Structures are given as structure tokens and as C-alpha cells.
Amino acid sequence: MAMQTPAPVEYSRATSVDDAIQQMANLNGEARFLAGGHSLIPMMKLRLANPGHLIDINPLEPELSYIRQEGDEIRIGAMTRHVNMLESDLLAQHFPIFHEAEHVLADPVVRNRGTMGGSLCQADPAEDLSGVVTALKGQAVVRGPGGSERVLGMEEFHVGPYMTAVEPTELLIEVRFKVKRGHGSAHEKVERRAGDFAIVAASAALWIENGTITDCGLACSAVGPTTMHISRAEQALIGQAPSEDLFAQAGAMASQDCSPSADGRGPVDYKRHVAGVLSKRALSRAAANALR
Amino acid sequence: MASWLSDATGGVTDAPIGFGRMKRKEDARFIRGKGNYMDDVRLPGMLHGALLRSPYAHAKIVSIDTSAALAHPKVAAVVIAKDLETLGLAWMPTISYDTQAVLAGDKVRFHLQEVAFVIALDAYSAQDALALIEVEYEVLPAIVNCRKAMDPGAPLIRDDKVGQTDNLASPTWEAGDKAATDRVFGEADTIVTRDIHHTRVHPCPMETCGMVADMNPTTGQLNIYNGNQAPHAHRTVYAQVAGLPEHRIRILCNDIGGGFGNKVPVYPGYVCAIAGSIVAGAPVKWIEDRSENLATTGFARDYIMHSQLCAKNGKITGLRVDVIADHGAFDSTAQPTKFPAGFFHIVTGSYDLDAAHCTVTAVYTNKAPGGVAYRCSFRITEAVYLVERMVEALAWEMNVDPIELRMRSFIRPEQFPYESATGWTYDSGDYHKTMKVAMEIAGYEDLRKEQQEKLAKGEIMGIGITFFTEGVGAGPRKHMDILGLAMNDGADLRVHPSGKAVVSISAQTQGQGHETTFAQIVAEELGISPNEITVRHGDTDKTPYGLGTYGSRSTPVSGGAVAVVSRKVRDKARLIAARMLETRPEDLAWEKGRWYVRGDVSKGAAIEDIAEYAYSGSPMPEGLEGGLDAQAVYDPPNLTYPYGAYIAVVDIDPGTGHVHCRRFIAVDDCGVRINPMVVDGQIHGGLTEGIGQALMELISFDEQGNCMNASFMDYLLPTALECPEFELGETVTPCPHHPIGAKGVGESPCVGSPPCLANAVIDGLRVWTNGRVKHMDIPCNPARTWAAMQGNAAPPQ
Amino acid sequence: MQVSMSINGQAHSHDIEPRMLLVHYIREMAELHGTHWGCDTSNCGICVVLMDGVPIKSCTTLAAQAEGHEISTVEGLEKNGVLDPIQQGFHEMHALQCGFCTPGMMVTGRWLIDKHPDPTNMTDYEIREAISGGLCRCTGYVNIVKAIRWAAAYEAAAATGGN
């Protein structure tokens, strides 16, 4: 064989959300949930992650894989696969950024398995979906032992590189997005090769009514210890009329406010520059599809 | 559907009797998932090996404690250098007459160097046991930069070599005429100077390297299952290195999932598997994982080149280049003995230069060993990369179109055979014709117009040109040997009583289609359908001696052998036919498939009838033995010189530096084409490797010598989305000295495409910055391209 | 633990370690060698098989996760001695050289044709994107795209009674 393989591990399957949480509680939080597995299993093969126990939550797909509208919210279940978000008509209609981001997220085969929940909880600073959810001001619903639930905004959710506010005994079950009038959104990504993580990505969302920006979301991936939420640019745009100049200013703010590190994908100055370029482009296209 | 679908023999309908487009016979097993690759080999009682590797690039080994690993219930043995010393196998010779540690004993000299070998009942347990071995290291400063390796006070990497006082791997190689070159430069109108680094890259076949070694303790027979490109040469090497009798070693290469030069060297894992089998008395399988493959097996290139090119009266006249070659910690490059820098000195390229001079200095560093690999034709990739980059630079310096400068400077058809300024005799060519075909396919004039139009709209488009000539098919025995073994190849051909044939060759396919193309050579010579000819290869017990497949030598050398042996059979058939027809041999003429009486075409003998006769009891001609078979060993009189004209079109995002290859036009002249479908496929693959090298492939190291690109997360290969629809053309200038006029083509596309794409990117930046940007090194990934755009181009490391 | 699944319509059940990857279950326990592996980081797609008709990377899936599911490998393409058009297409169009990536590419091609609403009008981009989860070092992808097209055209012609 000799492809790298995981260390010995125990394995069990969850039968329901509450059963998954209960199993984790019985193990004192010292297991890992296994969803798509395309972040966890590679790390286990390289022996960088060595959980003693895996709780497979794929059986929860019927319960947790959904994209539906409830009132003025779109709700996406945590086990929703990337391919479902890519192909969802509901999302295409309400939040065009999903289709764009999913299109450039990993590759088509990985997208068949990876999930919304897995991506957010892996919290890779270069990961595209976290940027999308941040720009759309998504709210993460997290359930704990005894059925308790709490709702977290993205700034609260992302704590650091590969770290989230989800406690070891909790499970992310859903992400919610408010539907408001005049929405447009877009995702821009530069990568060394198709399927690679972003060198830099920008996710932009605008809500425009009567020629004025009523709300704005801007997040950049791969230019900080977590997804960078460019709130200064968001504030600067609200109340303004959309224009190329305005978006260029927002781009400049993204450039200044992000916090990239040098690595094999590029040096700091390049990443800062591209954060600005992509933010401007994403905002520009978001405006174009809001005004359509 | 064709009836052959269930045909286990792999016969194919629509086979031309000879050269032409023909679907491949070998496909039958691969499309059913019935290929037999390394990891498919299963033997009774087989154990699994895994290598423990050093986390440091340069460190003394203080102690190794294998006790915990040995105590693992599924571990059969743990081998360290000390154990190999008793077998005389702790060090092994390399093809470059250096030595390489099989397992590190005194110290480790590159990141992930082999330190211990675990043998266990299954592969998962073998990996588990690696974590149980404790090694204490004393870390030493690592030398990662080859210029620093040459500094007088630099730490000595090869302190194992008696008399080694510096980090030079071999004496400096020199070719050409320095004095004449200096004179030519002295008289030049224009000179350009460039420092060009061809980054370290990796051939990276999709199947990693591996072996199953099976030493039978009763019979002393060592069977080795190993996907390697030169099985006979390997057998000879193992016999010498391990002191084992050569006639009791058998190497079986079944199907190989890609070679590209990666499967030429003998790797420590192979020697460990053999030693393990001897020690354990059972078959031992060792297959590396992808990180091991990328980080420790034979890398390619890593040439730092300082060069000048000059022109006089509008024509290129002289070239000089000095190279520092980073060989890593051991000099394990593969090339003919008399050419320690391979064929780099073909660097005068396709041009009629007045003089040239080059030097190559090989240096040790604390990096993995290698250098000659990845479809390189023995360093011709480096040479062509250099000269084609320089020609483009010179053209723009002279404000002359780069194709125009080439046309003025090409070797002209009437000059062939052409003696180059560095001693090569190019066999044949009509370069202008091929260049024109490429221009036509590309619509070159329109491309330059489009480039200007895009510039006006704030878009960056680049057009790159390359015209390469390379020398392949090593080689004549008077000039070329590897480890003292002549680079000749044999072929055995037997035509059976029923007229069907088996041809046994020493070339070793890794996907090049030999089971089809070599049958086609026999078919062309004898008129037997390729469907009725089996090509046998891959088993040293059943095939003639030869030096294997690399350097595009299959068609030039093995193909030559097959043509020659077929002609021997045909000549014997003539004598038999004369007996059958009761006439004299000189009264017979040949048309494909039969000898007939001159002037009476109806009176003849078909090859299958001649075969039947040859094995029957009927009387043979005087002095001729029965049967219809022959043997040949082919000594090529020269290399062959395929060439090509390539044009690439790229679009560069001005905001992000992202490069996209929009078009790639490739016109190749490889002489006679046995199977155009196979040739085109080879070209598609090689061009894709060029996209990889030019835009994304890179093996780099941090200051501590850690390899930063040891997985597919960071060693990037092109997907289908990075590749355009390649536009191919051809010209055919037969090789005058080759039996079938073929030149070979396997490496040409990988030779010609990287400089073509690099030239395209630089051309785009040149136009965009109005001539301010004139150079960048590959890979032209977004960050590096953008930096170059700002005027901050940096070498890859 | 006992893990059972159906591979190419045949039931398999084996006692394995929970950590065993699906690619190894297929190769070692079911003894089907047509599915290969090529990397450690889920990038190369050499190991692609279909799970419930959808391509997955079998090196990044535990065998236990395939329990109760239907796995299709390259060996399942040929039916009763008749090659699947995707296999024939790869042969017709010279879409393989060393053959190592071929199984993964073929099952992906098969899936694309099956799920595409209009297979005879697939764009080059759509085909290239569908196979972009797999790497090939030999062919440069041109002929793989042609092979997938060939198979789609063949099936369409067969469906309309042509061919």
C-alpha cells in the first residue's frame, strides 16, 4: 500500500443530532465528528491529527442536509454538501455568491462530500465558504448537550486559525441568512491552479435600494489568521451610492486592514494588493447583479 | 461494438500493415482496470517495508533506538545502516560514479533522507512502527544555496568522501572554444546578458516508485518486481553492488504508471527491499508515498545559468554560458560517462553560430539528490530553455521580431549534416519550413495585432516563440556508455510456423505505446499485421539486453534494432522463398508481405507460407538453419535530432498577475512517424508538463533545508482547466541514418514548451511595461508574475 | 469491525480496522486492483470511484463510511463482456497512455454523461471542469475530453437506433 494512512482509531455512527451530541459528551468531547472528511482524513493520514475516536455524522444527512426558505431567512443545514449549494436554484436566486464561490471551491469530486458545517468548523483561514458566510452576515446555530442551542455571528464564530467558538461537545447544525431586498453578491478568487486554496479571495454582498447601499458585507479569505471581516469598508459603503470609485476605496481599506502572512502562495505585499483588487471587483459585480 | 471487446489477446480491428494511425493494443487491459502496476503485485508471505526519514536537512546521527519498533507485534525486522554494512550495502554507487547512502549512518545530508527500514506484516503497521523508532540527531547548519555551498568556509557536506575538501561534486565541464567565443563577442553589435535560473522541478509520474524483492533462500534466485525504465542495466548494477550472480537475478517490469525519468535511478528503498528480503527470507514490498516521491526521488533541473548572446549584422553569432548545477547531497544524475553535464552543450540550439563556450560546475547541497530527469534528454531541457530565452531577449534588444531573428540565424537546410560549435553533428533539418507552418497555424501577424489592441484596452497578452533542436537516441558505443555499458539495444524476432510473430525488445514502456508501435515497425518491414505480432518487454529473462527507455531513445535505438532484425528475417525469408520458388534470391523482389519473381508478380511466396516452410521438414537452402527468426543489436551511428517550432499565447491579469495559457501551437519534426496518434498524444502530454513547469511547478526549500513542496498541496500539476486545446502541426524530415527515418519525439514537447511559455509571459510584461520588464524566472505563478510586473522579478529561491 | 457494502452489484463483508480507507478495502479486501492511489493529500483523483453514482475520492473516505452504499469501480463498467461506451471512447480517442489515471477518469466521464441534461452538447469547459479533480501526467487531457464526447455521441446515436 504505502499511501499514508491514519493511526488506529475507534469509530461509531450517529443516529440523530442528539445522539451525536450525546456520544461526544460520553467521550468527554475527546472525539471528532466526521462529516465530509476531506479536511480531517487527510490530516489523519499525515498523522497531524490523531483523534482516538470518530463519530460519523453522515447518517445525519437526511436530517441536516437542506437548503430552504423559512420566512425571511434562507437556512442551510450543516451537512449540506458543497455540490448541493453549487446547484441550488434557491441559493442562485437569493444569494448568487454561493454558486460563484462553490464553483471555485476545491474540485468537483471533493464538492460531492465536503459540507457547509465541515468547511466552517475546519476554519482554514484560506477557505472560501467562511468568507461567503461572513459577507452574507450568516448566523451559525450550534447545539449542545441537553438540546441547548446558541446562535453565533461569524466574528464570534471564527476565533483563530483552525479554531472556532464551537465547544468540543457541541455540533454546528445550521447556518441562517436573512433575505432582504436589493441584494447582489459576488466572489473573486485568485489561485495558483484550479482547485487550490485561495492565494486571496474576496466575498462581497450588497443590498441596494433606490440607488443607495443599505447594507454591505465584505470578507477576505487567506489574508489573516481567520477570515478577515472588512467592517471598516462596510461602514464606509452604507448610505452611499454605488460607484467604481467607492469600491476602489473599499478595496484600499481591505488592503490596509487585512493581515496576510508570507507563504508559498505569495508574499505579504502581493496579498495585500490582491485583497484590494479582488474586493473592488467583487463589490463591483455584486452591485451589477443587485441592480439587474 | 468491435468484436475484440471480449478478446483476451488484445487484438484490434483496423490495423494498418505498418505505419499509420492505429488504436493501441495495450489499451485492452487498462480500460478494464486490469493493469498490473507495482502495488498490484502480491506474493505469498509478502511483507511490507516503510522508510523512516530524517526531519533535518543536515545533522549527525547520535543514536538510533529500534527496540520499541521491534517489539511491535506485526514487525518482522528493522534495518539500519549498521545492519546494511554487514551486507556491504550501506552505501551504493551512483550512475555518476559517486556514492549514495542507502541508509544514513554517520549523518543525514538532506531533508527526508532514509534512516531506517521497517518490515512488517502489512503497510498500515509498517507506518505505525515508524513512529516507534527513536533517533537522536545533532543538527548542523544546512547549505541550501549552491553559491553558498561554493564559499570557501562552507560546511563540508560530503565528509564521507576521502579527499573531498569542498562541495564541488565533479570537475567543471567545459565545451566549445573560449578564445573564439571571446573574439566573436568582441566583434558583436549587440550583446544581451541574463541570469536565468531553471527552477528545481520533479517528473512526478502518477504512480510512485516501488519494488517487490523476492529472494528465494533455497535457490538463490532473486526476482525483482520493479517499475523501472532500464531493467537490464538495473540488474547489472544489483549484481555488482550486492555481489549477487547476475544470471540469478530477474527483473520483471509489468505496467508502469509513468516514468518521465523518475524511474531511472536505483533508490535506497529498492536496496532496502532487496536486503530486507534476504534478511527476512520472504518477499518484501516497498512502495513510496507521494511525499517521499516528491521530496527524495530524482528531481530535475536546478541550473543557475549566467549567459550572454551576441549578434552581428542582424544575425546571432555567439553564445557563452556558465552554469552552477545543484546536484543535491549525492551526485546521482544519469548520463553517459563522457558527458557529466549530459548534453547541455547542445546549447547552441538551432542556430548557425560562429562560436560558443559553456562551463558547468556541479555542486553539492543539503538537498535531495538528482538533476537529470523529467523528459530532459540529458539536460537538453536546460540547454534549450537557456538558448531560447536568450534569443528572445536578444531579439527585443535589437528591436527585431523574435521569429525574424531566428529565421536569419537558423542552420540552413544545405548545411546539414551540420557540425555545431560545441561538437555535435546534427543529422537533418529544414527549420524555416517548420517555423513557417507554425506561424501559419498561429496566425502570427494577427496575434501581434491583437496584442496591441489588447494593450490599448488595458489587457496583457503575451506571445512566446521557441524553436528547439535536440539530440536523442543515445547512442553510439564509441562515445556513449552508462557505467561502462554501451548504449545499444537488442531485438529478437521470431516468426512462428503460422506466420504470427513475437518481437522481444529491451526498451521499457511507461505508456509510450510500444506494444503497438513496435509491432507496427515489424509490420512495415514484413507485412504481418500488427494484430499478429506480440511485443515482449519488461522481463530481463525474456528480452535482449539494452539500456532502456529515457532520453527518447526507444524509437531511435530500440526501433532501429527492431527494423534491423525484421530486415534480417526478411533477408532469410528471401533465401527460403528462392528455394520454394526454385529460383535465385537475386531474381526476387519484395512487396510488403511477400517475395515474388521479378517480372511475374503472380509467382511469389507470402511471409506466412515462408514461415511454415521454414519450420517444416522441407529442405532448407544450403547452409541455412531452420526456423524464421533473427537477433540484432543496434549501435546507432549518431544521435537523431528532432526539432520543432512552438508558439504560445498567454493572457495575464494586470491586477493579480494570474497567467492563463490561451493557445499553444506546436509543430514538430520527428522524422518518420510510426503512429501519428501516439505521436500527438506524446506531444499533448509534454506540452502540459511545460505548462506545469512554466506556471506552477516548484521544489523549494526553507533556510533549514526543509522541502516546502512535498505534496500535491504545494507541488502543483496542471489540471484539464489549465490546458488549452493544443494546435499541432507537423513537418517530416526523415533521419538520414536511422533505419526507418524516425527521430523519436517523447521529450521534444517538454523541451520546447517551458521556454516558449516563459517567453510568452515575459513578452506580455515587456509590452505592458513598454520594455522596462525584460526578464523573470519560472514558475510564472500569480505572485511571482505580479512582482515581475512591478519590476521586482526574483529568482525562484 | 465488520463493514459491508456492495461493489459493482456484489455484496462484500469483511472484518477490518475502523481506520481502513475505502481504497484499500476495494483493493485488498475486495481484491479489485483497477482503482489506484497516487497521493497523500486528496489532490490527484487517481482513486476516484462512484458511491451511489457520484464520484468520490476513495482515499479520503473510510471503508466504514461506505457501509450500506453502492460502490462502482472501473471493473463494473464492462457488463456481460460488453465494454461501456466510456471505455470504448477512451480506446477510440487514445485517451490513455500509462493507464494509471484512466479508471478514475473513466468513472468521472461516465458520471458526467449520466448527469448532464444534454450530453451531446457538453462544452469543452464543462468536460474539463468535471475532470479537474483528477491529474494526468501523460495525455494533456485533450484526448480524454474527446473520449468523453465520443461516448456521449455513441450513446445518443445508439438511443436513436443509429450506429
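How much area is buried between domain 1 of chain C and domain 2 of chain C? The legends below take this up, all on a predicted model in which local features need pLDDT of at least 70, side-chain atom pairs count only at pLDDT 80 or more, and totals for chains, interfaces and linings use all residues. Residues are numbered from 1 along each chain as written, chains are lettered from A and ligands numbered from 1 in written order, and side-chain values use heavy atoms, leaving out hydrogens and water.

**View 1. Domain 1 against domain 2 in chain C.** About 1100 Å² goes under here, with carbon and sulfur atoms giving 69%; buried area is accessible area (1.4 Å probe) lost on putting two parts together, summed over both. On the domain 1 side of chain C, C:H36, C:I46 and C:V74 lose the most, together 39% of what that side buries. The salt-bridge count between these domains is 0 (Lys or Arg side-chain nitrogen within 4 Å of an Asp or Glu carboxyl oxygen).

**View 2. Domain 2 against domain 3 in chain A.** An automatic or database assignment puts domain 2 of chain A at 61–178 and domain 3 at 183–287. Here 26 residues of domain 2 touch 29 of domain 3, contact being heavy atoms within 4.5 Å. The buried area comes to about 2000 Å², 57% of it from carbon and sulfur atoms.

**View 3. Salt bridges in chain A.** Domains 2 and 3 of chain A share 3 of them. Zoom in on A:K137 and A:E234 for a salt bridge at 3.4 Å, N to O.
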